[in-house]
Amino acid sequence: MEKIAVFPGSFDPLTRGHESIIKRALPLFDKIVVAIGVNSSKNYMFSLEQRIDFCKKTFIDSNISIETYEGLTIDFCSKIGARYLLRGLRTSADFEFERGIAQMNSSMNTEIETVFMLAPPELSPVSSTIVRDIIKNGGDVSQFVPKGISF
Ligand code: ADP
């Protein structure tokens, strides 16, 4: 059976932190699906098309696909036959937050395993939220986002 992992997120915008997790996880799975969440109650800075475009420019590997989804992440995983949910951890706060989600997901669907990867130390302070703030204030975010992405 193919080992498919879903890496879900808002990617508003994609950062070097996301890029690091996906690239380092790639040897562990046959395929990684970068799943861009569509949540009508969230106010994104970048449109869905832009967020897809950032991912397409960054991940050209044939084992990585870019998809969008609405609703529960575990339902999306089941729909595409993914048994692994990939998440990144930067801090202990991330861990506590992610632990709750992973354990509740596991109660709802025991077939899906959440796999965590740590951020490399130099990327643990990087978040989409802070990148958005720098952009709003006219700063240069090039060191925090994958090469080839410009705003
Ligand atoms: P969400 O809205 O689901 O939190 P994000 O796009 O912010 O979506 O994050 C998606 C995933 O990437 C999460 O697991 C998050 O912890 C992880 N992540 C975000 N930034 C980093 C980083 N700098 N290093 C490692 N993982 C990260």
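Biologist: Where does Phe11 lie?

Modeller: Phe11 lies in the loop between β1 and α1. Helices (H or I, at least four residues) and strands (E, at least two) are DSSP runs, numbered from the N terminus. This is a predicted model, in which local features need pLDDT of at least 70 and side-chain atom pairs count only at pLDDT 80 or more, while totals for chains, interfaces and linings use all residues. Residues are numbered from 1 along each chain as its sequence is written, and side-chain values use heavy atoms, with hydrogens and water left out.

Biologist: What is phi of Phe11?

Modeller: Phi of Phe11 is near 50°, a positive value in a residue other than glycine. The loop between β1 and α1 also holds Pro13, and the peptide bond joining Asp12 and Pro13 is cis, with omega about 0°.

Biologist: Which residues are closest to the ligand?

Modeller: A residue is near a molecule if one of its heavy atoms lies within 4 Å of it. Here 17 residues surround the ligand, with Ser10, Phe11, Gly88, Leu123 and Val126 the closest. By class, this shell has seven nonpolar, five polar and five charged residues. Ala, Val, Leu, Ile, Met, Phe, Trp, Tyr, Cys and Pro count as nonpolar, Asp, Glu, Lys and Arg as charged, and the others, Gly among them, as polar.

Biologist: Which backbone atom of Leu123 lies 2.9 Å from a nitrogen atom of the ligand?

Modeller: Look for N or O atoms within 3.5 Å of each other. For Leu123 it is a backbone N or O atom, 2.9 Å from a ligand nitrogen. A polar backbone atom of Val126 is 2.8 Å from a nitrogen atom of the ligand. Arg87 uses its side chain: a polar atom there lies 3.2 Å from a ligand oxygen.

Biologist: Where does the ligand sit?

Modeller: On a 1 Å grid over the protein atoms alone, a pocket is an open set of points where a 1.4 Å probe fits, with protein on both sides within 12 Å along at least five of seven lines; lining residues have an atom within 4 Å of a point. A molecule sits in a pocket if more than half of its atoms lie within 2 Å of its grid points. The ligand sits in the largest pocket. Two or more residues of the shell around the ligand come from each of β1 (4-9), α1 (16-25), β4 (84-89) and α4 (92-108).

Biologist: Which residues lie nearest the centre of the largest pocket?

Modeller: They are Pro8, Gly9, Ser10, Arg87 and Glu98, out of 42 lining residues. The lining divides into 18 nonpolar, 16 polar and eight charged residues, and α4 gives the most, with seven.

Methods: A polar contact is a pair of N or O atoms within 3.5 Å; within protein, one must be able to donate a hydrogen and the other to accept it, and residues adjacent in sequence count only if both atoms are side-chain atoms.
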